[in-house]
Amino acid sequence: MTVLITGGTGAIGAALAEEFARTDDVIFTYNSQKEQAFSLAEKLKCSCEHMDISDIESVNEAVQRILREFGHIDILVNNAGISLIKPFLDTSYEDWRRIIDVNLTGVFNVTRAVAPSMVRRKSGAVVNVSSVWGVYGASCEVAYSAAKAGVIGFTKALAKELGLSGITVNAVAPGVIDSPMNAHLNAAELAGLAEETPLNRLGQPSEVAKAVRALAENRFITGQVLGVDGGFGG
C-alpha cells in the first residue's frame with residue numbers, strides 16, 4: 001500500500017508516518033521544517049515531499065511527482081494543520097484566512113489532487129484529521145473550530161459522492177493530545193483538561209495514528225467521524 005500523509009513533522013504526523021511505515025510505503029509532506037522532515041524520513045525509511053497545502057500549485061506539483069514515482073496512492077491522510085489561540089474580537093481577517101486556507105482549503109486541495117487517481121482505480125481511502133473542537137467548539141479558537149467543523153462536513157459529503165467509486169472517506173476528531181500544539185497551556189491547564197476527560201489523561205499521538213489506520217483499512221466504514229478523545233464532551 002502507498003500512503004500519503006500531510007504534515008508529517010508534527011507530533012501526530014510523525015506518529016502516523018511511524019504507524020504506516022511498519023507495513024506500507026509512506027510519503028509524508030512538510031512545508032517549512034525540511035531538516036526535521038529528512039531526519040524523520042531517514043529514521044523511518046520512508047519518503048518526504050515539500051508541499052504547501054494552502055497553495056494549489058504546490059499541491060498539484062507534489063502529488064504528480066508522487067504519482068510518477070509510486071504509481072498510485074492507496075491511502076490519503078489529511079493531517080496537516082495549524083492552530084490559533086485568540087479571542088474572536090482580536091482575530092483579524094488575515095488570521096481567519098490563514099486558518100481556513102491551511103486547515104480546510106488545504107484538505108480540499110490535496111484531496112482534489114489525489115482523488116482522480118483513486119476514482120480511476122475504483123479504490124482508495126481518505127482519512128481527515130479534524131478535532132474535538134470541530135465537534136464542540138472552543139472559546140478563543142473560533143477560526144480553528146470553524147475550519148475543523150468544515151472538515152467534518154467535507155468528510156460526510158465526500159463520502160457520499162465517492163462511495164460508488166469504492167473510496168471511503170472518514171475523519172478522526174482528536175481530543176487533547178500530548179503534543180507541542182498544546183505547548184501554550186501550562187501544567188494546571190493541561191491537568192484541568194485531563195480531569196474533564198473521562199479517562200483522566202491526555203491522549204497520545206500514537207493512539208490517534210492507530211485510529212486512523214483502523215478507519216483507512218476498514219472497507220465498510222465511510223462518512224464517519226471517530227472521536228479519539230478519551231470521552232471528552234461525551
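Buried means under 20% relative accessible area, exposed means over 50%, and partly exposed lies in between (1.4 Å probe, protein chains only). This is a predicted model, in which local features need pLDDT of at least 70 and side-chain atom pairs count only at pLDDT 80 or more, while totals for chains, interfaces and linings use all residues. Residues are numbered from 1 along each chain as its sequence is written, and side-chain values use heavy atoms, with hydrogens and water left out.

**Salt bridges**
- The structure holds 10 salt bridges, each defined as a side-chain nitrogen of Lys or Arg within 4 Å of a carboxyl oxygen of Asp or Glu.
- E49 pairs with R65, their closest N and O atoms being 2.9 Å apart; because E49 lies in strand β3 and R65 in helix α3, the pair ties together parts that are 16 residues apart in sequence.
- R65 is partly exposed, with a relative accessible area of 32%, whereas E49 counts as buried at 15%.
- E19 and R213, both buried, meet in a salt bridge (2.7 Å, N to O).
- R213 also meets E217 in a salt bridge (2.6 Å, N to O), and E19, R22, D24, K210, R213 and E217 are linked in a network of salt bridges.

Definitions and conventions
Helices (H or I, at least four residues) and strands (E, at least two) are DSSP runs, numbered from the N terminus.
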